Amino acid sequence: MNNSKLPQYDYDIIIIGGGPAGFTAGIYAARTGFKTLLLEGASTVSQITITDMIENYPGIPDGINGLDLMELFRKQALKFDLEIKAEDATAIKNNESYPHIWDVTAGSKVFRTFSIIAATGARWRNLEVPGEQEFAGKGISYCATCDGPFYRDREVVVIGGGDSAIQEALFLTHFASRVTVVHRRDRLRAAGILQKRAFAEKKIEFAWNATLDEVVGGEFVTGVKVRDVVSGEQRTIDAEGVFIFAGRLPHTGIFQNILQLDKTGYIITDDAMKTSAAGIFAAGDCRAKLFRQVVTATGDGANAAFSAELYIDNLKEEAY
Ligand code: NAP
């Protein structure tokens with residue numbers, strides 16, 4: 001494809017991030033015949049890989065483990081010869097000689113590409129209390145939509161007082177027998193309408209002015225130790241599930257001075273996944289949007305790949 005009027009380049013598209021959004025973009029771009037590299041990140045893992053069971057991804061009626069689903073994405077991508085490197089992208093900048101080329105540094109190399117798809121994801125903020133790591137996937141969850149149905153007629157605790165915590169607490173009342181919202185202040189951050197619904201819901205109780213000291217249990221979670229920030233007293237709340245919604249952190253540091261981000265650090269895009277920089281598209285959890293699920297990430301990935309393909313086709317046409 002390198003014709004004389006085009007600068008030398010290594011890839012048509014470089015996808016940064018190896019979660020569902022990144023792999024879907026990779027499947028689409030490689031299948032269409034674009035020379036595509038996916039950098040799946042040496043130091044980060046997709047949130048999907050810590051999800052024990054995904055029951056709401058269409059087409060898989062018996063549900064699937066997150067790692068197993070990722071393996072299927074990978075297998076499908078390799079079928080279309082997607083190139084995958086287990087490396088982090090550490091720097092991105094416009095090529096000094098060719099404004100249409102982006103230089104992406106990964107490991108000791110710099111790759112030249114026409115287009116970048118940012119699919120770097122986000123992660124839930126950890127509270128870094130004893131038991132949080134130990135019981136990950138054994139009663140601690142960061143996704144009520146994914147794991148709520150496992151807690152039918154059981155007692156659960158939700159940590160946090162924002163929109164996510166309250167929305168997810170309301171969702172959990174469809175399954176759990178009791179939902180205790182543990183919040184570090186005496187008032188919620190969540191939107192008024194969510195607060196109103198939560199206060200009217202009989203299954204929801206509140207532990208105000210309480211911080212999480214520890215998650216306790218044996219093989220699985222049995223409860224949480226919380227501390228009253230006013231009296232300093234500690235008490236245990238029995239629960240088989242602990243849902244932590246203390247905010248999310250998008251992995252967008254590498255794009256900070258290149259792309260327009262919202263005030264919480266997510267990449268702003270239009271419906272076609274275009275960012276504020278020509279040739280860079282974003283997909284999945286790193287993008288500013290309402291609903292972060294595997295199915296919305298894969299949709300974003302397909303859209304981002306399609307937009308990148310159109311962008312590159314136009315560039316190449318102009319070069320003829
Ligand atoms: P958030 O608004 O940042 O709320 C995080 C919550 O966790 C806050 O209540 C915060 O307490 C608490 N928290 C943070 N660090 C903590 C710690 N170390 N220990 C204990 N508690 C801690 O995050 P979010 O609820 O995930 O929402 C993120 C964004 O998405 C927001 O802009 C939100 O409006 C939006 N969102 C919208 C919807 C919707 O429109 N339906 C749904 C979900 C999310 P404090 O209140 O004391 O700070």
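## Basis

The structure is a predicted model, in which local features need pLDDT of at least 70, side-chain atom pairs count only at pLDDT 80 or more, and totals for chains, interfaces and linings use all residues. Residues are numbered from 1 along each chain as its sequence is written, and side-chain values use heavy atoms, with hydrogens and water left out.

## Chain

Six helices and 17 strands make up the secondary structure of the chain; helices (H or I, at least four residues) and strands (E, at least two) are DSSP runs numbered from the N terminus. The chain is as compact as a globular protein of its length, because its radius of gyration of 22 Å is close to the 20 Å that the globule rule gives for 320 residues. That radius is taken over C-alpha atoms, and the rule is 2.2 Å times the number of residues to the power 0.38. The C-alpha trace spans about 75 × 40 × 35 Å along its principal axes.

Of the 320 residues in the chain, 50% are buried, where buried means under 20% relative accessible area, exposed over 50%, and partly exposed in between (1.4 Å probe, protein chains only). The accessible surface of the chain is about 15,900 Å², with 49% belonging to carbon and sulfur atoms. Accessible areas come from the Shrake-Rupley method with a 1.4 Å probe; for residues, only the protein chains shown count as cover. Among contacts (heavy atoms within 4.5 Å) between residues at least 6 apart in sequence, 59% join residues at least 24 apart.

## Ligand site

The ligand is surrounded by 16 residues, the closest being Asp163, Ser164, Arg184, Arg185 and Arg189; a residue is included if one of its heavy atoms lies within 4 Å of the ligand. By class the shell has five nonpolar, seven polar and four charged residues. Nonpolar covers Ala, Val, Leu, Ile, Met, Phe, Trp, Tyr, Cys and Pro, charged covers Asp, Glu, Lys and Arg, and the others, Gly among them, are polar. Helix H4 (residues 163-172) gives the largest share of the shell, three residues.

Oxygen atoms of the ligand lie 2.9 Å from a polar backbone atom of Gly161, 3.1 Å from a backbone N or O atom of Gly162 and 2.7 Å from a side-chain N or O atom of Arg185. The protein buries 68% of the 910 Å² that the ligand exposes when taken alone.

## Leu39

Leu39 belongs to strand S2 (residues 36-39) and counts as buried because its relative accessibility is 1%. Leaving aside neighbours within four places in sequence, its contacts include Ile14, Ile16, Lys85, Glu87 and Val104. Gly17, also in contact with Leu39, is 22 residues away in sequence and 5.9 Å away in space, C-alpha to C-alpha.

Definitions and conventions. A polar contact is a pair of N or O atoms within 3.5 Å; within protein, one must be able to donate a hydrogen and the other to accept it, and residues adjacent in sequence count only if both atoms are side-chain atoms.
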